[in-house]
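Work through the exercises below with the sequence and the 3D view open. Each task is followed by a solution in steps.

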Amino acid sequence: MDQKFTGTKNYVATDDLKVAVNAAVMLRRPLLVKGEPGTGKTVLAHEIAKATGAPLIEWNVKSTTKAQQGLYEYDAVARLRDGQLGDERVHDISNYIRKGKLWEAFTSPELPVLLIDEIDKADIEFPNDLLQELDRMSFDVYETGERIEAKERPIVVITSNNEKELPDAFLRRCFFHYIKFPDADTMREIIDVHFPGIQKNLVTKAMEIFYELREVPGLKKKPSTSELLDWLKLLLVEDMPLDILQDRDPTKAIPPLHGALLKNEQDVMMFERLAFMARRQGR
Amino acid sequence: MLLNFLDELRAAGISASLKEHLTLLEALDREVIEQTPEAFYYLSRATFVKDEGLLDRFDQVFQKVFKGVLTDYGQEAVDIPEDWLKAVAEKFLSAEEMEKIKSLGDWDEIMETLKKRLEEQQGRHQGGNKWIGTGGTSPFGNGGYNPEGVRIGGESRHKRAIKVWEKREFANLDNTKELGTRNIKMALRRLRRFAREGAADELDLDATIRGTARQGFLDIHMRPERHNAVKLLLFLDVGGSMDPHIKLCEELFSAANAEFKNLEFFYFHNCLYEGVWKDNRRRWAERTKTWDVLHKYGHDYKIVFVGDAAMSPYEISHPGGSVEHMNEEAGHVWLSRVTHTYPACVWLNPEPQRIWDYSQSNKMVRQLMNDRMYPLTLEGLDDAMRELSRKQG
């Protein structure tokens, strides 16, 4: 895996992101990615996997996820049931140990990319419980007494939405990258990658509206890259004539198909109100 | 030279450790990056900064250290007076004029010259073409035009400066939290009392084995999941002298809200009287009688007051002492009622402990609380939680 990550056909990576990814891949330290929702944190792991040709193992963390579930789970109920029925399998405890995602990643025949998605969703102790395992890339299975060790340290990508702060000891072991909201130039590149051959002026106009919308103060959820892409897709599918965007009728201040951009009825209402006020001033 | 960088980072409050430093050295050793200043900047940023709120500070430190190291002029980085750099006016240059300005040479040469200039220059300078200052055509300073300009602070005008970290794109993310919610949550964890209640959805292995052995057939026992069963009643002082502490109280509240399932809260102003409320906008319209609160929540609830206890002594000692309304019973009566009903009871004070003694009302409240008043700091919170979890009676 000597070749460096430079983004892929479908993913525009900024210079700082490339450096962070390469450092994490070469030194095999986990890469912690934060950023506004919709700036492509999860997609990054998919793209790293694609770029390096490695299989991707996804571990989606929820509020009820325990660190142990990433290692393995011992299904005692199944063993009890089998014991009751006199099943032969009952004599071997390893029949009832279910592998977790970390185990899968450690023993994968090919070097995998392990994505731990939205680590901040879990309990506050969750990252601490994974410290040793991620550091040494090994853990013990107490039921069978065996030790699972990674032959080669997998590439680990961790995403966080900042709902909970992560402990220092955990952070020390990671590289960190904050995906900031793309500027207009990067955004144009991203759009090019997703919609090659889209009309230039449609993009220009749409981006103008989009960035204007992001500037509206007090929006509950600012539209992000993924929303812009959705919106453009809709505009293309609906075959929206360019002039609707271009000479925006001041009486219809809300951009067409705004549902893709504004996800909150309060935001839509506020935007309408602001537009109404702008209209009155304009008169 | 990089150790100096580490020291500077730590001095700036970025909690970088030897671990990160070694990681950085390892990465340099393995040639993760090409040898350009930008790549080094990106790599060290990914290594040292773990919170987007600190990115801006990192940029500043990097600028300071990097400037000192790369330019190599003396041991200490030259301190450039800020008013030199205040962009006051910008010389308007035509295209031909821009053509005329020749670049001085490569980076080293520029830095060498800069060093000399710095030594020669004594005062603020503006508008010339040799000295450092603002608005000129010298390669040094800011706001001027030269193809190889090195910008020192201030805003970029012609977008030609070499350094990215000076852009300080993350300036608006800097949010220094002295007492982050994580810390608060960790302190609140002391108060965890695990209990099993609710729906039985977890296998009780021990009970199952015991049951199976006794019955002779599989006898599965289930039990509810363990969770924090501590009950907390929060009384928050709002308005007036509490306004400077709103942020701290909000953090405490959000941390407590996430940590405890059985959390109830009420607001009061200055001192507890016969009525409390839950919504500050409707504090006069929707009040709860304090008697009802005392009756509704069992004595196993733990009480936390949050307030600065700074008020007129009469607000505690006399009926009718309240600044807002006619209270029939004095504040101390209500406070004693609470402390008598609930054995576990503390008062958290956001004011620093050293000024507590200057206020008469603070002493009175402390007396009423049996000295169970703690400062709203991590240590104070820790002590308060220990007091609350102490076996009562």
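**Exercise 1. A strand and its side chains**

Which residues point one way from E9(A), which point the other way, and are they buried or exposed?

Solution. The model is a predicted one.
Step 1. Sort the strand by direction: Phe175(A), His177(A) and Ile179(A) point one way, while Phe176(A) and Tyr178(A) point the other way.
Step 2. Apply the burial cut-off, which is 20 or more other C-beta atoms within 10 Å of a residue's own. All of these residues are buried.
Step 3. Describe the strand as a whole: E9(A) is mostly covered, with five of its five residues buried.

**Exercise 2. The sheet around that strand**

Find the order of the strands in the open sheet of chain A and state the sense of the pairing.

Solution.
Step 1. Five strands make up the sheet, in the order E2-E5-E8-E1-E9, and they pair in parallel.
Step 2. Strand E2 (56-60) and E9 of chain A are the edge strands, each pairing on one side only.
Step 3. On average, and with direction ignored, neighbouring strands are turned by 20° against each other.
Step 4. Look at the partners of strand E1 (residues 31-35) of chain A. With strand E8 (residues 155-160) of chain A, E1(A) pairs in the parallel sense over four bridges, and Val33(A) has Thr159(A) as its bridge partner in E8(A).
Step 5. E1(A) and E9(A) also run parallel, joined by five bridges; here Leu32(A) stands opposite Phe176(A).

Which elements does helix H2 (residues 41-52) of chain A touch as it packs on the sheet?

Solution. H2(A) touches E1, E2, strand E5 (113-117), E8 and E9 of chain A, and its direction makes about 175° with that of E5(A).

**Exercise 3. The nonpolar cores**

Which residues of the largest nonpolar core touch the most other members?

Solution.
Step 1. The core has 67 residues, and those touching the most other members are Ala20(A), Leu31(A), Ile48(A) and Val157(A).
Step 2. Helix H1 (residues 15-27) of chain A gives the most to this core, namely seven residues.
Step 3. Take Leu31(A) and leave out residues up to four places away in sequence: its contacts include Ala20(A), Val21(A) and Ala24(A), and also Val156(A), Val157(A) and Phe175(A).
Step 4. A separate second core, of 44 residues, includes Leu232(B), Val276(B), Met369(B) and Leu388(B).

**Exercise 4. The contact between the chains**

How many residues does each chain give to the contact?

Solution.
Step 1. Chain A gives 26 residues and chain B gives 31 residues.
Step 2. On the side of chain A that touches chain B, the elements giving two or more residues are H1, helix H4 (76-85), helix H7 (168-172) and strand E9 (175-179) of chain A.
Step 3. H1(A) gives the most to that side, with eight residues.
Step 4. By class, the side of chain A that touches chain B has 13 nonpolar, three polar and 10 charged residues.

**Exercise 5. A helix pair in chain B**

At what angle do the axes of helix H2 (residues 18-29) of chain B and helix H3 (residues 37-48) of chain B cross?

Solution.
Step 1. The axes of H2(B) and H3(B) cross at roughly 150° and come within 9 Å. The crossing is right-handed.
Step 2. H2(B) makes the contact through Glu20(B), Thr23(B), Leu24(B) and Ala27(B), and H3(B) through Leu43(B), Ser44(B), Thr47(B) and Phe48(B).
Step 3. These residues divide into four nonpolar, three polar and one charged.

Conventions. Residues numbered from 1 in each chain as written. Chains lettered and ligands numbered in written order. Predicted model: local features only at pLDDT ≥ 70, side-chain atom pairs only at ≥ 80, totals over all residues. Core = buried A, V, L, I, M, F, W, Y, C linked by C-beta atoms within 7 Å. Buried ≥ 20, exposed ≤ 12 C-beta atoms within 10 Å, placed from the backbone. Contact = placed C-beta atoms within 7 Å. Nonpolar A, V, L, I, M, F, W, Y, C, P; charged D, E, K, R; others polar. Axes fitted to C-alpha atoms, helices over the stretch in contact; angles between N-to-C directions. Left-handed = near helix turned anticlockwise from the far one by under 90°. Pairing = 2+ DSSP bridges.
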